[in-house]
Amino acid sequence: MESVVEAEMVRLGVIATCIGIMAIAHSFLGERNIVRPIIERMVWSEKGKGADFSNGTVRFVWHIITVAWFGFAILLLAPVLGVENSSAFVSTIVALTALVTAGFAFFYTGGRHLSWVAFLIVAAACLAPFI
């Protein structure tokens with residue numbers, strides 16, 4: 001029975017590692033081959049700050065997918081890490097994922113895309129029972 005548990009831990013570790021590699025590749029290759037070309041080709045109706053906002057939105061939306069996949073990978077590692085209180089662990093990882101996502105939204109759009117507020121609310125709601 002113990003070898004079955006060890007095999008499951010290895011399986012989860014391999015899956016989490018693959019997800020992490022995929023997330024890095026998604027962000028790096030997507031920025032180079034998708035995000036930049038989209039931004040270079042777009043002709044936004046607004047100029048200046050409006051165009052910066054639109055470009056920033058395209059960029060942060062692409063990269064928050066990477067953040068989400070890292071969150072999933074970490075959640076898969078809970079049994080491998082011997083996490084006993086999975087509710088607190090899941091809530092903490094979701095909160096951290098939401099905080100990083102809020103940071104991306106705020107940074108890439110100068111705070112103009114208000115999704116950062118929603119992501120902060122999600123983070124606070126996840127952490128509230130444990131504070």
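Colleague: What makes H3 roughly antiparallel to H4?
Modeller: In this predicted model, in which local features need pLDDT of at least 70, side-chain atom pairs count only at pLDDT 80 or more, and totals for chains, interfaces and linings use all residues, helix H3 (residues 86–109) and helix H4 (residues 115–127) pack at an angle of about 165°, with their axes 8 Å apart. Angles under 35 degrees count as roughly parallel, over 145 as roughly antiparallel, 65 to 115 as roughly perpendicular and the rest as oblique. The angle of about 165° therefore makes H3 roughly antiparallel to H4.

Colleague: How are the helices and their axes defined?
Modeller: Helices are DSSP runs of H or I with at least four residues, strands are runs of E with at least two, and both are numbered from the N terminus. An axis is a line fitted to C-alpha atoms, for helices over the stretch in contact, and the angle between N-to-C directions runs from 0 to 180 degrees. Residues are numbered from 1 along each chain as its sequence is written, and side-chain values use heavy atoms, with hydrogens and water left out.

Colleague: In what kind of crossing does H3 pass H4, and which residues make the contact?
Modeller: H3 passes H4 in a left-handed crossing (left-handed if the near helix is turned anticlockwise from the far one by less than a right angle, right-handed if clockwise). Contact means heavy atoms within 4.5 Å. Among the residues that make the contact are Val 94, Ala 98 and Phe 106 of H3, and Trp 116, Phe 119 and Leu 127 of H4. By class, the contact of H3 with H4 has 14 nonpolar, four polar and no charged residues. Here Ala, Val, Leu, Ile, Met, Phe, Trp, Tyr, Cys and Pro count as nonpolar, Asp, Glu, Lys and Arg as charged, and the others, Gly among them, as polar.

Colleague: How do you know that H2 is roughly antiparallel to H3?
Modeller: H2 and H3 pack at an angle of about 165°, with their axes 8 Å apart. That angle makes H2 roughly antiparallel to H3. H2 passes H3 in a right-handed crossing, and their contact has 14 nonpolar, seven polar and two charged residues.

Colleague: Why are H1 and H2 called roughly antiparallel to each other?
Modeller: Helix H1 (residues 2–41) and helix H2 (residues 49–76) pack at an angle of about 175°, with their axes 8 Å apart. H1 and H2 are therefore roughly antiparallel to each other. Their contact has 18 nonpolar, seven polar and three charged residues.

Colleague: Why is the aromatic pair of Phe 104 and Tyr 108 called edge-to-face?
Modeller: A pair of aromatic rings is described by the distance of the centres and the angle of the planes. Rings of Phe, Tyr and Trp (its six-membered ring) pair if their centres lie within 6.5 Å; planes under 30 degrees apart count as stacked, over 60 as edge-to-face and the rest as tilted. The structure holds four aromatic pairs. One of them joins Phe 104 and Tyr 108, with 5.9 Å centre to centre and 65° between the planes, and is edge-to-face. Being four residues apart in helix H3, Phe 104 and Tyr 108 are separated by about one helical turn.

Colleague: Is Ser 54 buried or exposed?
Modeller: Ser 54, in helix H2, has 14% relative accessibility and therefore counts as buried. Leaving aside its neighbours within four places in sequence, Ser 54 is in contact with Trp 44 and Glu 46.

Colleague: What makes Pro 79 partly exposed?
Modeller: Pro 79 lies in the loop between H2 and H3, and its relative accessible area of 40% makes it partly exposed. Not counting residues up to four places away in sequence, Pro 79 touches Met 9 and Leu 12.

Definitions and conventions
Buried means under 20% relative accessible area, exposed over 50%, partly exposed in between (1.4 Å probe, protein chains only).
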